[in-house]
Amino acid sequence: MLSTDTDILATAEAWREAGRGVALATVIETWGSAPRPVGSHLIIDQEGNFLGSVSGGCVEGAVIAEAADVIEDGKSRVLEFGVADETAWRVGLSCGGRIRVLVEPVA
């Protein structure tokens, strides 16, 4: 079961208050098929712990990896993932489509 947005954001705040570096990833745009809707969240700390979901499959792994850089340099990034229908299953977008994800540091 996925955590609610309230759980995810409360956890991000608790992690930050505990002194952890934290990044917040948010789905900001979808086109075609996307496993998670606009507004879905994923939080990541500097040790690679995470809660929530922005997509699944390889997309999630790529967002978690990028979050490490966001935590380190404090600069937000917009990531875009898009696939053709024939390669969609490999990267976790089950029916093709495109998603854009904002990854930003939690201060």
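At 42% relative accessibility, Ala68 counts as partly exposed, a class that lies between buried (under 20% relative accessible area) and exposed (over 50%), computed with a 1.4 Å probe on protein chains only. Ala68 sits in helix α2. Its C-alpha atom is separated by 7.6 Å from that of Gly48, a residue 20 places away along the chain.

This is a predicted model, in which local features need pLDDT of at least 70 and side-chain atom pairs count only at pLDDT 80 or more, while totals for chains, interfaces and linings use all residues. Residues are numbered from 1 along each chain as its sequence is written, and side-chain values use heavy atoms, with hydrogens and water left out.

The protein chain has three helices and five strands. Along the sequence their pattern is α-β-β-β-α-β-α-β. Of the 107 residues in the protein chain, 34% are buried. Contact here means heavy atoms within 4.5 Å. Among contacts between residues at least 6 apart in sequence, 54% join residues at least 24 apart.

Strand β1 (residues 22-31) has two partners to consider. Strands pair if DSSP finds at least two bridges between them. Five bridges join β1 to β2 (residues 41-45), and the two strands run antiparallel; within this pairing, Leu24 has Ile43 of β2 as its bridge partner. Strand β5 (residues 97-105) is also antiparallel to β1 and is joined to it by eight bridges. In that pairing Glu29 stands opposite Arg100 of β5.

Gly97 belongs to β5 and is buried, with a relative accessible area of 9%. Gly97 lies 63 residues from Ala34 in sequence, but the two C-alpha atoms are 6.2 Å apart in space.

Next comes the nonpolar interior. A nonpolar core is a set of buried Ala, Val, Leu, Ile, Met, Phe, Trp, Tyr and Cys residues joined through side-chain atoms within 4.5 Å. The largest one has 16 residues, and those with the most contacts inside it are Ala25, Leu42, Val54, Val63, Val101 and Val103. At least two residues of this core come from each of β1, β2, α2, β4 (77-83) and β5. Helix α2 supplies the largest share, five residues. A second, separate core has six residues, including Ile8, Ala12, Trp15 and Val22. Returning to the largest core, Val101 is one of its most contacted members. Leaving out residues up to four places away in sequence, Val101 touches Ala25, Thr26, Val27, Ile28, Val54, Val63, Arg77, Val78 and Leu79.

Helix α2 (residues 57-73) also holds Glu60. Glu60 is buried yet has no salt bridge, and the nearest side chain of opposite charge, that of Arg36, is 6.8 Å away. A salt bridge requires a side-chain nitrogen of Lys or Arg within 4 Å of a carboxyl oxygen of Asp or Glu; for charge, Lys and Arg count as positive and Asp and Glu as negative, with His and the chain ends not counted.

What does the side chain of Glu60 reach? It makes a polar contact with the side chain of Ser53 at 2.9 Å, and it reaches the backbone nitrogen of Ser55 at 3.0 Å. A polar contact is a pair of N or O atoms within 3.5 Å; within protein, one must be able to donate a hydrogen and the other to accept it, and residues adjacent in sequence count only if both atoms are side-chain atoms. Beyond its neighbours within four places in sequence, Glu60 is in contact with Leu42, Gly52, Ser53, Val54 and Ser55.

Note on methods: Helices (H or I, at least four residues) and strands (E, at least two) are DSSP runs, numbered from the N terminus.
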